[in-house]
Amino acid sequence: MSDSSSGQSDRQDYEFQKVIEELEDYRGSGTQLVTIYIPDDTQVSEVVAHVTQEHSEAANIKSKQTRTNVQDALKSIKDRLRYYDTYPPENGLVLFSGAVDAGGGRSDMITRVLESPPDPIQSFRYHCDSEFLTEPLESMLEDKGLFGLIVLDRREANVGWLRGKRIDPVKSATSLVPGKQRKGGQSAQRFARLRLEAIDNFYQEVAGMADELFVPKRGEIDGILVGGPSPTKDDFLSGDYLHHELQDLVLGKFDVSYTDESGLSELVDAAEDVLDEYEVLQDKQVMEQFFKELHDGELATYGFGPTRQNLNMGAVEQLLISEDLRQEVASYTCPNGHDTYAMLDPNADASDAVCNSCGAAIDEPDERTDAIDHLMELAEERGTETVFVSTDFEKGDQLLSAFGGVAGILRYDTGI
Ligand SMILES: [Zn+2]
């Protein structure tokens, strides 16, 4: 969620996104592209041993070309692993290496290393295929957010977290609620009362578990999902058991048939639509505010040039960047010493620009950098929050199509 993550981690996510987009497109002519996911509690020496083993087994590959390519990839990975001490950096390490098709029957050897992904790598994976394995990293970058999960029936309850797409079961409880059959000799009335008391106690216990886990994190939680059979979950929610601040965070209740740990996954599946909507909602709110300022206020800026100028003055409160912006920024110095910046397509010719200040012709740019990198760096220097806006809704799409993918909400009117 854009508003809960810092600019730094947004930026890091973007760096990962770029590498993933590059890697996704690569193909090997055989099963020769190697991907290794290493959790941060796996010793690097174990990984080196594993890679050495794979290298010797690769000697059995029939195709000489594939054999050579796999062995080269493994050697390159081993070389990279030398840079690390006992353990990989926090959250782990992902290595990609292999000979990728470069067209015309040629291939290029490429190796990429990604350190400290947004979520911890859960288990060691060695993968050799005609494509790189990017899916686990992609899912870390998608649907980011923190949600509290509660599943319960009258017998059992589980609470846990949904972080991005990862489910962490944390606590569970089982109840002493008697079954519906009463024992002989017990009065029906007394039995019913004891049963209700036991249910009440159990709901209190579940709420206590949820409070303990979620209340300290209530500032960071994007929502709480509650699952179970009817009417248990309804009684639990309407009965005022949860801490009142948590009640406000409940995004919805869902029918699930299991209330053990697998019930937590069932709950997340059942809530899929709500989770998708919620993610877009964050972006929608910021775009609504932008359009409101554009029509009725003075605090909207848009387009690369004006937004960059405002950003540079420290006047931008929130920088809005389309998630699908794939442009470069060319920086020029004119013969009279003025600096000029232009945003352009990565494949476009950057020569023949004109100085914004004096109109002098400029030949070649001094530098071309990725537009998002360029803007985010300025934003970080000026204490501006960067919000990445998806194109999955109309106003988000307009940010890209009508405003060049770059806009801002200002702290004050600058007249630019
Ligand atoms: Zn000039």
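Colleague: Why is Cys358 called partly exposed?

Modeller: Buried means under 20% relative accessible area, exposed over 50%, and partly exposed in between, with a 1.4 Å probe and protein chains only. Cys358 has 36% relative accessibility, so Cys358 counts as partly exposed. His338, at 28%, is therefore partly exposed as well. This is a predicted model, in which local features need pLDDT of at least 70 and side-chain atom pairs count only at pLDDT 80 or more, while totals for chains, interfaces and linings use all residues. Residues are numbered from 1 along each chain as its sequence is written, and side-chain values use heavy atoms, with hydrogens and water left out.

Colleague: How do you know which atoms coordinate the zinc ion?

Modeller: Donors are N, O and S atoms within 2.8 Å of the metal (3.2 Å for Na, K and Ca); water is not among the atoms, so sites may look incomplete. Cys334 (SG), His338 (ND1), Cys355 (SG) and Cys358 (SG) coordinate the zinc ion at 2.1 to 2.3 Å.

Colleague: What makes the arrangement around the zinc ion tetrahedral?

Modeller: Four donors count as tetrahedral if all angles lie between 85 and 135 degrees. The 4 donor atoms subtend angles of 104 to 116°, so the arrangement is tetrahedral. Along the chain, the donors follow the spacing C-x3-H-x16-C-x2-C.

Colleague: Why are helix 10 and helix 11 called roughly parallel?

Modeller: Angles under 35 degrees count as roughly parallel. The axes, which are lines fitted to C-alpha atoms over the stretch in contact, with angles running from 0 to 180 degrees between N-to-C directions, cross at roughly 25° for helix 10 (residues 304–312) and helix 11. Helix 10 and helix 11 are therefore roughly parallel to each other.

Definitions and conventions. Four donors count as tetrahedral if all angles lie between 85 and 135 degrees; four count as square planar and six as octahedral if opposite donors are over 155 degrees apart and all others between 65 and 115; anything else is irregular. Helices (H or I, at least four residues) and strands (E, at least two) are DSSP runs, numbered from the N terminus. Angles under 35 degrees count as roughly parallel, over 145 as roughly antiparallel, 65 to 115 as roughly perpendicular and the rest as oblique.
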